[in-house]
Amino acid sequence: MTDTVPSPVTPPRWSIILARVLPKPMHFPSVLLSFVGGEIVDLVLQTGPVAKTVLLLLIAFSVLSWAVILSKWRLISRARTQSGRFVRAFRKAQRLQDIASVADQFRPSPLVGVFEGAVVEFKRQMGTTGSINNPVAIQRAMQVASSEEITRLERNVPWLAITGAVTPFIGLFGTVWGIIDAFHGLGTAGAATLRAVAPGISEALVTTAAGLAAAIPAVIAYNLIIGSIREIASRNDDFTMEMLNLVERQTVERQTVERQQAAPVTEVRR
């Protein structure tokens, strides 16, 4: 008997087509090299311990600043959306009780905190004297609540300003240190040529580029976030005026009803 050699299993035609069309998977180092460039990665790896320490410090600043940027941008976006919905619900309401019952569903909005500050003072005056005798106290309560909400939004934002101000100088420090090291090696070698000093200077300039890469997004994001927070603060001030108008309108209506109820009693006595 002759041994039969099994024929190789041929893959389906569709798998061959997909293998030709689809790109081959790339590992993370190859992706990093294609995005940054192999020469830049080689320069980073060839830097001295001081330069590597500076680069690690800059990476830490950059990671923390991006964490603040993403968290604050998400918080401000939710605050804007919920503030618009809360204002529309507030303008449709006729009484404070109507909007107070649904205020919790607009909780990310800073206007909810301003509204609750006014309601607390409103109930305090109504429980003490049965009427609103001091609208200025309600306005002060809303201003305090608005200040607290703005402070909450501004928390950790100064870190972006620190990153934008400090990281270029940290990168410059690494560059100056690298240039000093390059010239020191040039003096030791005794070869005063551009080819001898160029590698050391190019390695030193990497830290300056890293410092700028950490500072530029932080500065841009800081200005955008501060502008958005100022817009929210202005909206809080406008809502304070609308809230005072509603409180005064309800106070006048309540006084009118009380006068109408007291009028028949005085006529009967006469």
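Modeller: Buried means under 20% relative accessible area, exposed over 50%, and partly exposed in between, computed with a 1.4 Å probe on protein chains only. This is a predicted model, in which local features need pLDDT of at least 70 and side-chain atom pairs count only at pLDDT 80 or more, while totals for chains, interfaces and linings use all residues. Residues are numbered from 1 along each chain as its sequence is written, and side-chain values use heavy atoms, with hydrogens and water left out.

Colleague: Why is arginine 124 called partly exposed?

Modeller: Its relative accessibility is 47%.

Colleague: What makes glutamate 121 buried?

Modeller: Glutamate 121 has a relative accessible area of 14%. The limit for buried is under 20%, and therefore glutamate 121 is buried.

Colleague: What makes the meeting of the side chains of glutamate 121 and arginine 124 a salt bridge?

Modeller: A salt bridge requires a side-chain nitrogen of Lys or Arg within 4 Å of a carboxyl oxygen of Asp or Glu. The N to O distance here is 2.6 Å, so the pair meets the definition. Both residues lie in helix H6, 3 residues apart, about one turn of the helix; helices (H or I, at least four residues) are DSSP runs, numbered from the N terminus.

Colleague: How do you know that arginine 80 and glutamate 231 tie together parts that are apart in sequence?

Modeller: Their side chains meet in a salt bridge at 3.3 Å, N to O. Arginine 80 lies in helix H4 and glutamate 231 in helix H9, so the pair links parts 151 residues apart in sequence. Arginine 80, at 37%, is partly exposed, and glutamate 231, at 44%, is partly exposed as well.

Colleague: Why is threonine 240 called buried?

Modeller: Threonine 240 has a relative accessible area of 4%, which is under 20%, so the term buried applies. Threonine 240 lies in helix H9 (residues 194-269). Leaving aside neighbours within four places in sequence, threonine 240 is in contact (heavy atoms within 4.5 Å) with Val114, Gln139 and Met142.

Colleague: What makes a set of residues a nonpolar core?

Modeller: The members are buried Ala, Val, Leu, Ile, Met, Phe, Trp, Tyr and Cys residues joined through side-chain atoms within 4.5 Å. The largest such core has 23 residues, of which Phe86, Phe115, Ile138, Phe239 and Met243 touch the most other members. H6 gives the most to this core, with 7 residues.

Technical notes:
Helix = DSSP H or I, 4+ residues; strand = E, 2+ residues; numbered from the N terminus.
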